[in-house]
Amino acid sequence: MSLQLYDTWTRSQREFTPLKPGEVGLYTCGPTVYNYAHIGNLRTYLFEDGLVRVLKLNGYRVNHVMNITDVGHLVSDGDDGEDKMEAGSKRTGQTAWTIAALYTDAFRADLKALNIQEPDVWCKATDNIPEQISFIEEIEKKGYTYRTSDGIYFDTSKQASYGHLGRLDIAGLQAGSRVDLGEKKHSTDYALWKFSAPEDHRQMEWDSPWGRGFPGWHIECSAMAHKYLGEYFDIHCGGEDHITVHHPNEISQTEAAYGTRLANFWMHGYFLITNDAKMSKSSGEFLRVQLLIDKGYDPIAYRYLCLTGHYRTQLSFSWETLDAAQTGLDRLRNNVYSLGEATTVDAGFFERLMEKLNDDLNFPQALALAFEVLKSGLAPGVKKATILKFDEAFGLGLTSWVPKIEDVPGDVRALAEARWTARNAKDWAEADRLRGELTARGWSMKDGKEDYTMTST
RNA sequence: GGCGGGUUAGCAAAGAGGUUAUGCAGCGGAUUGCAAAUCCGUCUAGAGCGGUUCGAUUCCGCUACCCGCCUCCA
């Protein structure tokens with residue numbers, strides 16, 4: 001079965017064919033590095049990682065570009081309000097540049113913890129200011145811009161196709177707009193370049209043909225995608241929230257400058273939901289990978305949890321669902337580990353796996369298939385090789401996983417030895433008494449045939 | 001106000017017009033001195049009303065409720 005992907009542009013699943021044979025250009029919207037990422041943010045990167053893995057299993061070379069937004073986005077609505085980077089700087093007392101570096105590192109650590117493969121190209125907005133300026137000049141040349149007292153704006157009314165990705169009803173948007181237009185001509189118009197307020201000295205600002213200031217929120221993606229992937233490439237990804245604003249704006253910029261809709265496929269990951277509400281950094285507390293670790297979870301359990309839901313459906317998160325995922329993952333790991341030496345991949349199961357994955361990345365069914373493999377009558381070595389092959393898509397790190405060997409303190413070891421001796425002498429009363437002592441010290445002893453294992457609880 | 005999505009068993013979550021989803025939890029059994037782990041088996045489903053159909057949880061319509069986006073946001 002050939003690879004089928006859901007394209008938000010056509011609102012349908014269709015066959016994926018790369019523009020250049022054997023090669024896929026992929027752009028994924030990256031983080032704004034003004035704070036830590038929460039696990040909801042990371043769900044989207046997990047989805048994109050799954051996509052990359054499936055593309056590779058289909059034999060494609062993937063050129064994956066991800067941006068780091070380290071400037072320019074605004075805290076509030078309506079093209080005004082405080083810059084996030086500058087706000088983060090005020091909050092922590094460090095420079096905007098330091099903040100960006102700090103949270104970029106934190107983001108990469110999160111990716112690593114979740115076994116997400118890094119993109120081939122990282123690009124920072126602040127490293128590509130000239131590219132953004134010339135992109136705006138190109139748009140200006142084509143006559144899509146106008147100037148207000150605070151910046152250069154894109155006139156969306158000059159583009160008949162504006163908003164197609166989001167199926168935007170422009171008239172409806174105008175009527176229901178919750179934001180003051182200010183000097184904007186239409187509610188969907190957006191800033192390409194913002195002027196620094198003369199009295200407010202910014203840490204991040206640059207000279208431009210229009211005046212000193214900083215780029216608008218959407219231009220960096222158009223400019224950097226153009227720089228690294230060209231005028232038209234294969235797939236552009238992001239979160240579902242980008243369907244109605246950010247991505248239509250990216251498209252409008254590139255369409256104005258180069259006459260293409262930027263990417264052949266537009267794919268969107270759906271939100272992680274907590275307590276029936278969206279996670280949000282701006283609503284105060286949020287869940288970080290580090291919190292999962294602090295609570296004793298393996299971050300990979302979160303990856304496993306995300307595999308159990310389809311990327312185009314919102315996923316519920318609670319500690320209970322994470323518990324279930326952690327247990328499921330632990331059993332899968334132990335089960336696979338105990339199969340011994342991997343031999344050959346079962347072709348039938350692998351073919352079925354690819355059918356699931358190529359059906360718009362159906363990881364839930366792929367995971368269910370893995371359990372079918374384990375229950376099948378295949379030889380242990382074949383089962384193991386097959387599951388490890390599956391894991392190239394899952395990314396659960398099953399190949400390298402080994403049971404944790406716990407560091408057992410000497411006195412606990414002595415108790416365990418004493419109990420083992422008593423047990424072998426069939427002195428059940430003494431054995432049970434010693435088990436009780438071990439339990440009291442937070443250790444559990446599992447009897448095997450030839451040996452025992454210790455785990456702390 | 002506009003646009004879009006959803007409602008599946010205790011929890012989470014898939015596919016399929018008729019045949020076991022799956023995982024976690026529960027229950028029964030095997031095994032174990034007792035445990036743990038493991039294995040086998042198994043009960044809880046598809047919001048309500050109507051339509052199409054030999055047959056619908058699956059297609060269509062209506063109602064109710066929930067959610068997302070329209071505002072920085074994954």
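1. A residue counts as buried when its relative accessible area is under 20%. By that criterion, 54% of the 457 residues of chain A are buried. The coordinates under discussion are those of a predicted model.

2. Chain A contains 15 helices and 16 strands. Along the principal axes, its C-alpha atoms occupy a box of roughly 90 × 55 × 35 Å.

3. The largest nonpolar core comprises 68 residues, and Ile235, Tyr302 and Phe394 have the most contacts inside it. Helix α1 (residues 39-57) supplies the largest share of this core, with ten residues. Another core, of 25 residues, lies apart from it; Ala125, Phe154, Leu192 and Met204 are among its members.

4. Leaving aside residues up to four places away in sequence, Phe394 touches Arg303, Leu307, Leu353, Phe363, Ala366, Leu367 and Ala370.

5. Helix α1 packs against helix α9 (residues 299-307) at an angle of about 70°, and the two axes are 10 Å apart. Because angles of 65 to 115 degrees count as roughly perpendicular, α1 is described as roughly perpendicular to α9. The crossing of α1 past α9 is right-handed.

6. On the α1 side of this contact are Ile39, Gly40, Arg43, Leu46, Asp49 and Arg53, which meet Tyr302, Arg303 and Cys306 of α9. Classified by residue type, the contact of α1 with α9 consists of four nonpolar, one polar and four charged residues.

Notes. Residues are numbered from 1 along each chain as its sequence is written. Chains are lettered from A and ligands numbered from 1 in the order in which they are written. This is a predicted model: local features need pLDDT of at least 70, side-chain atom pairs count only at pLDDT 80 or more; totals for chains, interfaces and linings use all residues. Side-chain values use heavy atoms; hydrogens and water are left out. A nonpolar core is a set of buried Ala, Val, Leu, Ile, Met, Phe, Trp, Tyr and Cys residues joined through side-chain atoms within 4.5 Å. Buried means under 20% relative accessible area, exposed over 50%, partly exposed in between (1.4 Å probe, protein chains only). Helices (H or I, at least four residues) and strands (E, at least two) are DSSP runs, numbered from the N terminus. Contact means heavy atoms within 4.5 Å. Axes are lines fitted to C-alpha atoms, for helices over the stretch in contact, and angles run from 0 to 180 degrees between N-to-C directions. Angles under 35 degrees count as roughly parallel, over 145 as roughly antiparallel, 65 to 115 as roughly perpendicular and the rest as oblique. A crossing is left-handed if the near helix is turned anticlockwise from the far one by less than a right angle, and right-handed if clockwise. Ala, Val, Leu, Ile, Met, Phe, Trp, Tyr, Cys and Pro count as nonpolar, Asp, Glu, Lys and Arg as charged, and the others, Gly among them, as polar.
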